[in-house]
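Subject: Handing over the structure

Hello,

Here is the structure I promised to pass on. Have a look through it first, and then read my notes below.

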Amino acid sequence: MSFILLHFNYVAVAILMMAGLFVVVSSSNLIKRMIGLAIFQTSTGLLYISLGKVSSGTAAITVDAASPEKQALANHLDPAYVAQYGVAGVVYSNPLPHVLILTAIVVGVATLAVGLAIAVRVREAFGSVEADEIEVLSRLESAQAGSQA
Amino acid sequence: MTSGGDLLIFLALATPLFAAVAIYAVGRMPDVRETLTVIASIALSIVTISMFMRVGAGNPPVLTVARPLAGLEIAFRLEPLGALFAVMASALWGVNSLFSIGYMRGKREANQTRFYVCFAFAMFAVMGIAMAANLFTLFIFYEVLTFSTYPLVTHAGDAAARRAGRIYLATLVGASLVLFLPGIVGVHLAAGSTTFIPGGLLTGKVNVVTGNVLLLLLVFGAAKAALMPLHGWLPAAMVAPAPVSALLHAVAVVKAGAFVILKTSAYIFGSDLISALPAATWLLWVAAGTIVIASLVAMTKDELKLRLAWSTVGQLAYVTSAALLPAAAGLVAGGLHMLIHAFAKITLFMCAGAIYVATGASKVSEMRGLGRSMPIVFACFLAGALCVVGLPPFAGMWSKFLLITAAFGTQTWITAAAMIVSSLLGLLYLAPVAIRALLPPAGDGSSGGFIRPYGAPGPVVAALAITAAGCVALFLFADAVAAYLAPIARRVP
Amino acid sequence: MISFETLYAAAPALTAHAPVLMVAGPLIAACVAALSPTARTSWMISVTGSMFAAWMALAITGEVARHGAVDYYIGGFAPPLGIAFYIDGLGAMMALLVSSAGVMASIYSGHSLAAEVRAEKHTHVQAAFLLCQAGLLGLVSTGDAFNAFVFLEVSSIGAYALVAIGEKRDRRALPAAFNYLIMGTIGATLYVIGIGFLYAATGTLNMADLSARLATLGDSSVVQAGFAFIVVGLGIKAAMFPLHGWLPGAYSFGPSLIVIFLAATATKTSIYLMARFIFDVFPDGAAFGRNFIAWVLAPLAATAAIVCSIQATFEREIRRILAFSSVAQVGLILLGLSLATILGASAGLFYLMAHALMKMTLFMAVGGLAISLPARRLDDFAGVARDAPWSATAFAAGALSLAGAPLTLGFLAKWRLLEAALNAGQIWIAATVAIASLLTLLYVGRMLEAIFFRSAPAGAPRAVEAPVGVLAPVLVLAGLNIWFGLDASLPEQLAGAGAKALLAGAP
Amino acid sequence: MIALPSSLNANLVIGIALLVMLLVVAGAIVRTRSLLAAIILFSIYSLVSAVWLVVMDAADVAFTEAVIGAGVSTIVLLGAILLTRGEVEKPGWRALVAPALVCAGVGGLLIYAAAGLPALGDPASPANAHVGRAYLEAAPKEIGAPNIVTAVLASYRGFDTLGETAVIFAAGIGVALMLGFGPHASPLPPAATIGDHHVVLRVSAKFLIPLIALFALYVQFHGDLGAGGGFQAGVIMAAAIILHALVFGLRDTMMAVPPRLVRSIAALGVLLYAGVGVACMLNGGAFLDYDYLFPPAFEKQVPGWLLGDPEHAHHWGQHFGILLIELGVLLTVAATMLTIFYGFAGRTVEAIRQERGA
């Protein structure tokens with residue numbers, strides 16, 4: 001049971017990723033696909049953050065060892081645990097995944113903006129944002145190019 | 001850099017190339033164009049003959065042009081076989097030009113300039129092949145030859161010609177890329193270079209399995225030699241006009257194929273290795289089969305050029321057999337046969353062209369009695385035919401004699417038998433063409449319908465007479481040629 | 001013979017910072033280009049920035065040849081804490097390739113862009129192009145797996161928008177760009193997931209550190225999944241068959257500037273990164289890596305080489321022919337790498353450079369013709385050789401090289417590939433290369449036949465020879481195709497050094 | 001299996017509950033055929049995940065997810081559906097087979113990998129034991145910023161952040177290239193008439209906008225002490241201006257903050273960031289090595305007490321380096337967000353006008 005609970009995060013993240021990916025590859029509507037892509041990217045972040053969580057840890061903002069905050073944090077923890085995994089008497093969560101995911105989120109929104117901008121232009125050029133309709137129009141255009149000569 | 005040998009090589013390559021450009025430039029003036037062609041062929045012959053002399057004197061010209069990768073050079077170096085090939089090709093270029101002038105004008109063919117330009121390009125390629133110092137250089141020019149002759153094969157421009165062109169390209173390029181090139185790469189890999197070395201580059205460097213594979217790749221890859229089953233392009237290419245057939249069969253293309261096989265056998269494998277490889281024996285069977293089957297097929301063909309084409313397939317297999325016999329003597333015989341067959345076959349094709357241009361007849365059955373009106377042509381045809389069959393006083397006798405002796409000497413009964421059978425068959429399918437034509441026409445004699453009032457054009461007859469004379473002359477000089485070629489059969493010291 | 005060691009040596013102070021300057025140069029130039037007042041100044045900045053990057057790449061290449069791999073600690077922090085650049089023979093080769101492609105493309109864009117994009121957008125187009133270049137250069141020099149993702153995205157985001165602005169000529173550029181964006185982002189995200197798994201297994205992001213730590217781990221499901229995600233993600237970016245769906249559209253409809261640059265570099269850099277992971281990061285001990293190469297990579301690459309060559313034969317639009325050909329050639333490059341021998345890898349890398357050169361020549365020549373000819377289909381190019389002989393000649397040089405005609409670089413590339421395959425005893429790979437060459441000949445023949453031997457139908461629009469600014473780089477590249485065909489010592493040494501760096505311990 | 005401290009269980013339960021909510025929302029997004037609903041659900045998704053991130057101790061990420069995921073993304077998506085309209089049609093089940101297989105493949109691989117991943121919160125897992133822990137130990141000494149995330153982001157992995165800023169800049173360029181030019185993107189749309197009636201709105205906006213800007217600055221400069229930094233601040237700053245546009249009309253905003261200027265600021269931000277790197281290099285350090293931001297001779301003159309830590313006068317460079325590059329990030333992010341907004345909003349006005357005309 002505890003194995004399942006302690007791995008629930010990963011399974012949930014996997015399902016979220018699948019949901020996002022499914023929306024991307026199954027939708028015909030370009031906007032919906034972008035939403036799916038955003039979910040897919042966000043859930044990647046959840047995976048990283050899960051990896052960086054440390055039990056009873058706190059956000060990686062250093063606190064003064066003598067401060068009341070530190071006392072409060074350490075009070076109900078096993079001292080051996082703190083001594084082994086803490087830094088200067090405080091247990092922190094791993095900051096590295098946070099940094100990476102900050103970057104990934106920003107990349108995600110950049111992609112989203114560019115993708116939507118292209119989708120808007122697609123709509124202006126083709127009068128539709130449905131991939132299958134655009135496909136038909138593109139095919140038609142290719143065929144016309146073939147018969148012009 | 002010694003004594004101007006590199007200059008000769010440069011000239012041998014530059015003359016046809018320059019001729020091609022010049023012919024293109026003056027394409028609108030037929031007289032100038034054709035004069036240029038003849039002058040170029042004479043100039044080239046002079047160059048190749050002086051190279052021939054140098055090789056004979058033991059001072060072969062050498063030239064290295066570029067080295068694209070380590071162990072990979074574009075380099076030239078003459079040796080007896082190549083010198084012979086170069087002389088033969090350049091001399092026949094002149095004769096064939098003479099013939100072409102008569103034929104093309106007589107037939108009022110379209111795109112004549114393209115024909116002469118491509119022809120000159122093909123000669124450029126042939127020079128490169130003849131002089132190549134290694135397989136890599138040879139391959140490059142081998143491909144140039146394929147592509148420069150492609151427009152010639154499709155000269156007529158109709159559907160049949162295009163179809164033939166497709167078969168031509170597909171077979172030759174396909175075999176080159178899929179078999180020949182991997183074979184060359186394999187040689188390079190095994191020996192670290194592809195240079196032709198007397199006695200064999202690969203001697204002592206490959207095991208039997210690798211040797212077998214490489215031999216098969218290289219022999220089949222040189223598809224221009226038309227070994228079965230890669231012979232289909234040759235009969236198909238018969239749609240081209242007669243001068244092109246002459247080029248394909250005598251001057252350049254198939255001879256290049258035969259030359260490559262001889263050269264590979266002599267300088268890449270060496271006769272010691274060849275004798276040790278089972279693949280050589282398999283190939284001898286294939287060649288023997290090709291010889292017999294081609295002769296049998298030739299008998300069934302009524303179309304004269306087609307019959308000649310099948311005859312070529314068979315005769316080429318002679319050269320292939322010669323190259324693969326487990327005796328060095330075979331190489332000399334093969335070289336000699338390559339030369340003699342060139343003279344004989346070009347005579348036959350030019351005769352076929354002369355008949356066609358004069359009477360429009362292309363089928364053997366239509367030619368009965370024509371000999372009365374065109375005695376010179378048919379006499380020359382008979383000379384060529386007997387030369388191919390191998391009867392004295394024609395040069396063909398010597399090469400066949402040497403070949404069959406070599407086959408007996410190495411107890412390669414199958415080859416010996418195939419050659420004897422095919423010679424007899426040759427007598428049956430080639431000689432009667434001329435003999436029947438020279439006999440009185442059957443019945444009313446209506447078959448002599450000339451489309452030209454004065455028979456074949458003068459240059460055409462002159463050209464075929466020259467080569468027919470060559471068939472006889474070589475009978476006298478065959479020994480000298482064989483002696484000249486003797487060094488190629490030398491073993492590793 | 002040009003010796004690799006004699007390549008340019010910069011002042012020591014400059015050489016020491018060359019790795020980061022090579023990336024920062026175009027990045028800063030991108031900002032300046034965006035700030036510049038006119039289209040013309042932005043073009044000049046673009047050329048300057050690219051040339052600066054190429055200068056730095058040259059300095060690095062010389063440095064690597066003399067002293068071996070170059071490390072550069074950004075921020076002064078040693079890895080694994082800090083991000084470190086690590087440029088060995090392979091990285092130097094890629095950097096030189098990307099930056100020289102950038103120089104050529106930027107020079108070329110001076111005239112070609114005017115015909116394709118409205119002048120007011122030029123400053124931004126050049127900025128995006130420079131960002132794309134900076135991204136790819138960062139990608140090939142970084143030694144940090146996550147940093148590679150960031151640079152992958154820097155280059156991609158610029159590229160998506162640049163492909164999309166091809167809509168002025170052909171509105172199909174928009175869906176193509178959108179598709180490219182979706183596929184590219186999925187690829188990048190899968191890569192990030194893979195990196196996440198590797199991070200979970202090792203706790204580090206530095207490639208050298210990853211490699212050392214993975215060597216001590218056994219096979220675990222996490223490492224295996226990480227490997228799979230990284231390869232599939234990069235496979236999408238590298239247009240590895242069957243993940244190449246985005247490429248034909250993007251290459252067909254984008255404006256010349258970005259298409260020539262992408263065709264020469266984009267898939268190549270992803271192949272580079274993939275090779276890094278397969279051969280460097282995942283140690284030889286990881287058995288699934290070997291199996292992957294033998295049972296997945298090589299067969300897929302072979303399929304690509306054959307199937308996409310056939311597809312190219314049946315395409316009607318000239319750029320689509322070239323695009324499908326690119327996918328096929330990616331297959332050949334991967335086939336070379338999949339041999340996993342020094343000879344094989346160096347043949348693959350040699351092919352990679354050769355393909356970059358020839359495809360760039362081809363797309364440039366087509367782009368030059370398209371300035372005056374509003375044509376897409378092969379038939380529209382009939383008889384162009386008569387109207388624009390120089391462009392057509394350059395095209396022919398590139399096409400012959402692509403087909404592997406002797407005396408061109410392409411031939412030597414095929415030669416080396418065959419040699420490597422035979423040497424490794426992989427007859428079937430040699431056969432695939434030979435058959436793919438044959439198929440290549442078919443579509444190259446079709447293109448050359450149309451351009452040179454057919455005459456334009458009466459009344460069809462006629463091409464005008466491309467302007468000098470466009471023609472000059474095209475002819476230089478066409479000349480290089482031939483020059484390297486006669487003396488390939490330079491690319492050969494680069495590829496050899498790259499292969500040695502890639503397979504440090506292999507036979 | 002490690003001994004579970006009691007507090008984890010509470011966290012664990014909350015985390016799992018939030019994840020279940022995420023799953024439900026994601027399922028709803030997959031199912032819904034209304035684009036508007038999908039966007040709102042996506043916004044909710046972002047917010048819930050931000051909460052989950054807080055539970056996971058990722059305060060900075062949570063902040064960013066909230067402003068970017070739930071804020072910017074939603075605005076852009078809404079702008080996009082306004083410009084494109086259309087609803088999602090339900091595809092036949094046949095069209096879903098291939099996508100389902102792809103997703104099943106990916107999901108299967110993920111779950112296969114998940115079984116081998118360390119348990120949630122394992123402090124001894126490789127991920128937490130190696131580099132991550134090294135940062136916790138080294139950063140206070142080497143960098144001096146209390147927020148380790150900021151220290152890593154801006155200093156150790158400052159190059160990543162430069163790349164990320166470049167990505168944002170590239171996105172701005174991309175959107176500008178797509179939507180920012182041409183006849184459809186007239187820079188001066190007509191003055192909005194709607195806002196005129198809403199005096200309350202205008203007055204309160206006038207009051208709010210400076211406050212939001214001030215908050216942005218707080219987030220900016222507080223970044224090395226607590227959660228926050230250039231990204232979040234940049235977005236908030238852009239939000240202030242967007243609010244202005246919403247209340248006073250796009251035309252007035254564009255007059256006050258012209259699009260061309262905004263695009264230049266985005267470039268300047270990246271330039272500032274890269275310039276800091278080059279400055280460090282010129283002073284003898286590596287690229288982005290803030291210890292060399294000022295020449296050593298200059299640095300010696302700075303009294304140690306200035307930063308309250310006589311031992312580490314050294315950190316002076318790190319402090320100012322981080323400050324400067326965060327400023328660069330702020331400029332680029334704020335300007336790019338505005339460019340994106342201008343792009344979509346400018347088109348929107350145009351689209352509405354066309355709609356009315358047609």
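How many residues does the largest nonpolar core have, and which of them have the most contacts inside it? Please keep in mind that this is a predicted model. The largest nonpolar core has 576 residues, and those with the most contacts inside it are F277(C), F159(D) and F344(D). Helix α5 of chain A, residues 95–126, gives the largest share of this core, 21 residues. Apart from it there is another core, of 6 residues, including V54(A), L77(A), V82(A) and V91(A).

Leaving aside its neighbours within four places in sequence, F159(D) is in contact with V20(C), V23(C), I74(C), I83(C), F85(C), N147(C) and F151(C) from chain C, along with F287(D) and L288(D) from chain D.

Next, the interface of chain D and chain A. Here 102 residues of chain D and 81 residues of chain A take part in the contact. The two chains bury about 8100 Å² between them, and carbon and sulfur atoms give 77% of that area. On the side of chain D, the residues that lose the most area to chain A are D57(D), L120(D) and L136(D), together 8% of what that side buries. There are 2 salt bridges between chain D and chain A. R347(D) forms a salt bridge with E124(A), with the closest N and O atoms 2.7 Å apart. Helix α3 of chain D, residues 59–84, provides the largest share of the side that touches chain A, with 13 residues. By class, that side of chain D divides into 73 nonpolar, 16 polar and 13 charged residues.

Then there is the contact between chain C and chain B. It takes 22 residues from chain C and 24 residues from chain B. About 1900 Å² is buried between these two chains, 85% of it on carbon and sulfur atoms. The count of salt bridges between chain C and chain B is 0, and 2 residue pairs are in polar contact, both residues being at pLDDT 80 or more. On the side of chain C, helices α13 (342–372), α16 (409–423), α17 (427–453), α18 (468–486) and α19 (489–502) each supply at least two residues. Of the side of chain C that touches chain B, α16(C) gives the most, with 8 residues. This side of chain C has 14 nonpolar, 4 polar and 4 charged residues.

Finally, two single residues to look up. L262(C) is found in helix α10 of chain C, residues 256–281. Is L262(C) buried or exposed? L262(C) counts as buried, because its relative accessible area is 2%, under the 20% cut-off. Beyond four places in sequence, L262(C) is in contact with A159(C), V163(C), Y180(C), Y251(C) and T267(C).

A40(B) lies in helix α2 of chain B, residues 30–56. With 8% relative accessibility, A40(B) also counts as buried. Not counting residues up to four places away in sequence, A40(B) touches T15(B), A19(B) and W93(B). A40(B) and G94(B) are 54 residues apart in sequence, and their C-alpha atoms are 8.3 Å apart in space.

Note on methods:
Residues numbered from 1 in each chain as written. Chains lettered and ligands numbered in written order. Predicted model: local features only at pLDDT ≥ 70, side-chain atom pairs only at ≥ 80, totals over all residues. Heavy atoms only, no water. Core = buried A, V, L, I, M, F, W, Y, C linked by side-chain atoms within 4.5 Å. Buried < 20%, exposed > 50% of the residue type's maximum accessible area, 1.4 Å probe, protein only. Helix = DSSP H or I, 4+ residues; strand = E, 2+ residues; numbered from the N terminus. Contact = heavy atoms within 4.5 Å. Buried area = accessible area lost by both parts, 1.4 Å probe. Salt bridge = Lys/Arg side-chain N within 4 Å of Asp/Glu carboxyl O. Polar contact = N/O pair within 3.5 Å; in protein donor to acceptor, adjacent residues only side chain to side chain. Nonpolar A, V, L, I, M, F, W, Y, C, P; charged D, E, K, R; others polar.
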